[in-house]
Amino acid sequence: MPVITLYFSRLARLMGRRIPRERIVSTLPFLGLDIEEEASDHISVEYSPNRPDFSTDYGVAAGLEGLLGIKTGIPVLKIKKGIDSIRVEPSVGRVRPFIVAIEALNGRLDDETIRQMIAMQEDLHNGIGRRRKKASIGIHDLEKIKFPLVYGTVERNHKFVPLGSNDTMSVSEILANTETGKAYGHLLEDSKKVLAIMDHEKNTISLPPIINSKLTEVTTRTKNLLVEVTALDKIIAEDTLSIIAQMLQKGGFKISSVRISGARNSTPLLSPRKMLLDPALVSGVLGLDISPSEMMRSLKKSRLDAKMRGRQILCTIPRYRTDLSSPIDLVEEVMLGYGIADISPTIPKAGSAGQKNRVTAALGATGEIMVGLGYQEVMNFSLVGRKEQYELPGRDASGALPVADSKTQEHEILRDAILPGLVDTLSRNIHESYPQNIFETGIVFLKGSPVSEETHLACVSAHNDANFTEIKSVLQAILKSGFGMTCTTKVSHNPMFLEGRTADVLVAGRRIGVVGEISEHLLSSYKMRVPAAGFEINLSGLIF
C-alpha cells in the first residue's frame with residue numbers, strides 16, 4: 001500500500017497549533033494509518049487506497065483535526081465561479097470522453113508541497129485512475145495558458161516540448177523515447193490520432209494520459225494552477241478532481257471553476273452527498289448504548305456533518321470521501337469518531353469452536369496444487385464490464401446479469417465466467433517476462449429464476465510454446481491430484497478458443513468445462529504477442 005511521510009512541523013502549521021508528538025503518533029492509527037517508520041522530525045505511515053485524501057499531509061491534518069477536536073464537521077469546499085473555459089470536441093468521445101478542471105489561485109508552493117502534490121498525483125493515477133487507464137491528471141502553471149482551451153485530438157506527427165525535456169518531439173517520438181511514453185503508450189492502442197489539450201494560441205498543454213507540456217511546468221515560483229482530469233467516466237473524473245481541490249484549498253489556494261462544454265461534458269459541481277443513517281444500526285453493529293446526539297458528535301469528529309431527520313440521522317458527506325457508499329460505512333465513521341480505544345471488547349457467548357467447512361478446505365487444497373504446478377493465484381472482481389466478459393471474447397451476452405445503478409462500465413455486470421478476466425489480467429502485464437501462468441477459483445453467476453451460483457476454477461498459461469497439450473496435462477493433473485478423477489475431452493466450438501484446438505471437458509460423461517488454445521483474435525484485441533492456452537471447469541459438482 002502507498003506510504004506518505006509526515007513532518008511534525010508541517011502538521012503543526014496545517015492544524016494551526018502544536019500538538020504533542022506522542023499524541024499525534026498515538027492518534028494516527030485511529031485514522032486507519034499504519035506506522036512504518038518513526039524519527040525525531042517525521043513519521044512515515046501507510047494508508048489504505050480507499051482513502052486517497054490521505055495521499056498528502058493536508059488530508060491527514062484534516063483527519064487529525066477532527067479526532068483531536070480542533071475542527072469538526074465537514075470541510076466546506078468553496079468554489080468561486082470562474083471565467084475560463086474548455087471546449088470538448090466530439091473526436092474524444094470514443095477514447096476518453098470526459099474532462100473536468102479547476103483553477104487554484106493565489107497560493108504558495110515550496111519544494112515539499114510540490115513533492116507531495118506529485119506523489120498524490122501518482123497515487124491517484126495508480127488508485128482511482130487504475131494506472132491512468134480510467135483517469136489521468138494534469139497540473140499546470142496557469143499563467144502560461146491562454147484560454148479558452150480545446151480538448152480534442154491531434155495526429156501522431158504533432159510536435160511540442162514535453163515535460164522533462166528541452167527538445168521538440170513528435171507524439172511518436174515521445175511514446176518511443178520518454179519514460180512515461182514507454183510506460184503508458186499502450187493506453188493509446190493503435191489509434192492514428194491521440195488526445196491533446198490545446199490553448200487559444202495553439203500551444204500544446206497536455207497529451208493525456210501520457211505527459212504534460214514543458215510550457216506549463218509547475219515550480220516554486222508558480223502562484224496559480226490549472227488542474228485538469230481526463231477520464232473514461234465522469235463520476236471518476238469528478239471524484240479525482242474533488243480530492244485535489246480539497247488538498248489545494250487546505251494548502252491556502254482559492255478555488256475557481258472552469259466551464260466545460262461540448263460532447264456530453266458539463267462543468268463539475270463537486271457538491272457534498274447526503275445519506276441517511278439509522279441509529280439502531282449503529283447500536284446493533286457496535287454494541288454501544290449511546291444517544292443519536294452522541295452519534296452525530298462522533299460523525300462530526302470524522303469530518304462529516306450530521307443532523308436529525310425524524311428518527312434518522314441525515315449525514316452530509318464531502319465529495320472527496322469516495323470510500324463512503326452505504327450506511328455501514330457511516331457506522332465505521334461513528335466508531336472512529338467515538339474512539340476505538342473507548343470501546344470495550346466482549347467475549348461471544350457461543351462456546352463452539354470454528355473450523356473450515358469442506359468447500360473452503362477443498363478450494364484451499366486446489367489452490368496449493370495449482371501453485372505446485374507453477375501457477376500464481378490472482379483474485380479478480382465478480383463485477384466486470386461487458387467489453388471484457390462478452391465483446392472481446394466474442395461470447396454470447398444473452399446471459400448477462402446487469403447490476404442496478406452501476407457507477408462505471410468496468411463493473412456493470414456479474415461475471416458468468418472467470419477465464420475472460422484472466423486473459424484481461426495477462427493483457428495488463430504484457431511488459432513482464434514470460435512464461436506467465438495464473439489461475440483463479442471463485443464464484444460465477446448464472447441467469448435464471450433465481451440467479452444461481454457456481455464455483456469455478458480457471459487457469460491460463462502464456463508463453464511462446466503454450467499449446468493444447470500442455471494445458472490439458474495441467475487439467476488432468478488437478479483433477480487427478482485434487483479430486484481423484486479422470487477426464488475425457490470432446491472437440492467443441494467456443495469463440496474464446498482456436499477452432500480445432502478447443503474441447504469440452506467431460507467427467508463420467510458429464511460436461512464440466514472447456515479447455516483450449518486462446519483465439520488469435522482475442523490475443524490481438526488485447527495486444528498480446530505470445531500464444532496462450534487455458535481452461536475453465538465447474539467445481540461445484542466435484543466438491544459439494
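Reader: Is Cys315 buried or exposed?
Author: Cys315 is buried, with a relative accessible area of 0%, where buried means under 20%, exposed over 50% and partly exposed in between, for a 1.4 Å probe and protein chains only. This is a predicted model, in which local features need pLDDT of at least 70 and side-chain atom pairs count only at pLDDT 80 or more, while totals for chains, interfaces and linings use all residues. Residues are numbered from 1 along each chain as its sequence is written, and side-chain values use heavy atoms, with hydrogens and water left out.
Reader: And how many disulfides turn up in the whole structure?
Author: The search finds zero disulfides, a disulfide being a pair of cysteine sulfur atoms within 2.5 Å.
Reader: How much area do domain 2 and domain 4 bury between them?
Author: They bury about 730 Å², 42% of it on carbon and sulfur atoms; buried area is the accessible area (1.4 Å probe) that two parts lose on being put together, summed over both.
Reader: Which side chains meet in a salt bridge there?
Author: The rule finds one salt bridge across that interface, and the side chains of Lys134 and Glu410 meet in a salt bridge at 3.8 Å, N to O, the cut-off being a side-chain nitrogen of Lys or Arg within 4 Å of a carboxyl oxygen of Asp or Glu.
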